Amino acid sequence: MSENLYHEITPEGFGIAIEKDKDLFSIKSPYQQIDFFHSRAFGNVMTLDGLMMTTERDEFFYHEMIVHIPMLTHPNPEYVLVIGGGDGGTVREILKHPSVKRVDMVEIDGDVVEGCKKYQPTISCALDDPRVNVLIQDAVEFIKDKVDEYDVVLSDSTDPIGPGEGLFNDNFYSNVKRALKKGGIVVPQTEGPFAQSENMRKTYQMLRRVFKNVAPYCGPMPTYPGGYWSWGFCSDDVEIPRDYTKIDEQRAADIQKTCKIYNRELHSAVFAVPNFVKELANG
């Protein structure tokens, strides 16, 4: 492989490749290897332990999907927790909702946050907003004493390896559930249905043990291996939002104007997943 080519190959033997113009930054933090490089095709790119995380060009696919489905399903989201999400894109999308009073972002690796502020400013641009508390600590410990505190919790974590491993088990999500207010919603990223199918299956087995209502929704993610990603809508009190006409039309219309992928029709359509995804989520 050329030294000017970033490539990520899955255990199944396929993956992605992106031509690099130049390396920007590289550091070994206490938790992981962090690298930024520039790509003519995707702008500035961040990888963690060699795995693709965010690019300036296609990050909106991921961040709009993880945020606006649960935020617009909730009638009045005021207090939001982001687990991980050190690039800041999830926080940026959350703050498009005028009802939000506070966002706690709990990221274990402060070097990720600082790197994204410098090399991906269009993604991390909302992290200095006064409504945002950036907390550099382990979310597993942070969530243990939280009770009835959040309307929406978004787990924007890495894969279930390394620093993200503790965020994929029953005990952690039981604590997350206790931190929800009545009518609260949890959405974690739940891996790629094609490239990480076994991880996805195990994640949904775990989520169904904790929450009454659980359903996957999916969308494209161009620079993730397989090009297809999933998120899990979880709640004890809120039904799966399969009818977009039941959400606040004006709120959704206002958000839609700011987005590249989210719209009201998509809100319910993303839950119409392929059969193989249903099998993974129900297996």
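Phenylalanine 172 is buried, at a relative accessible area of 2%, where buried means under 20%, exposed over 50% and partly exposed in between (1.4 Å probe, protein chains only). Tyrosine 173 is buried as well, with a relative accessible area of 2%. The model is predicted: local features need pLDDT of at least 70, side-chain atom pairs count only at pLDDT 80 or more, and totals for chains, interfaces and linings use all residues. Residues are numbered from 1 along each chain as its sequence is written, and side-chain values use heavy atoms, with hydrogens and water left out.

A search of the whole structure gives 13 aromatic pairs. Rings of Phe, Tyr and Trp (its six-membered ring) pair if their centres lie within 6.5 Å; planes under 30 degrees apart count as stacked, over 60 as edge-to-face and the rest as tilted. Phenylalanine 172 and tyrosine 173 make an edge-to-face pair, 5.2 Å centre to centre with 85° between the planes. The pair of tyrosine 224 and tryptophan 229 is also edge-to-face, because its ring planes stand at 70°, with centres 4.7 Å apart. Tyrosine 224 counts as buried at 9% relative accessibility, and tryptophan 229 does so at 4%. Both belong to one aromatic cluster, whose members are Tyr62, Tyr217, Tyr224, Trp229, Trp231, Phe233 and Phe271.

The criterion for a charge over a ring is NZ of Lys or CZ of Arg within 6 Å of the ring centre and within 35 degrees of the ring normal. Lysine 146 places its charged end over the ring of phenylalanine 142, 3.9 Å from the centre. Lysine 20 lies over the face of phenylalanine 37, at 5.6 Å from the ring centre.

Helices (H or I, at least four residues) and strands (E, at least two) are DSSP runs, numbered from the N terminus.

Helix α1 packs with helix α8 (residues 249–256) at an angle of about 160°, their axes 10 Å apart. Axes are lines fitted to C-alpha atoms, for helices over the stretch in contact, and angles run from 0 to 180 degrees between N-to-C directions. The angle makes α1 roughly antiparallel to α8; under 35 degrees counts as roughly parallel, over 145 as roughly antiparallel, 65 to 115 as roughly perpendicular and the rest as oblique. Helix α6 (residues 170–179) and helix α7 (residues 197–210) pack at about 45°, with axes 9 Å apart, which makes α6 oblique to α7.

Aspartate 49 has a positive phi near 50°. It is found in the loop between β5 (43–48) and β6 (51–55) and is partly exposed, at 43% relative accessibility. Aspartate 148 has a positive phi near 55°. Its loop runs between α5 (139–142) and β10 (150–156), and at 44% relative accessibility aspartate 148 is partly exposed.
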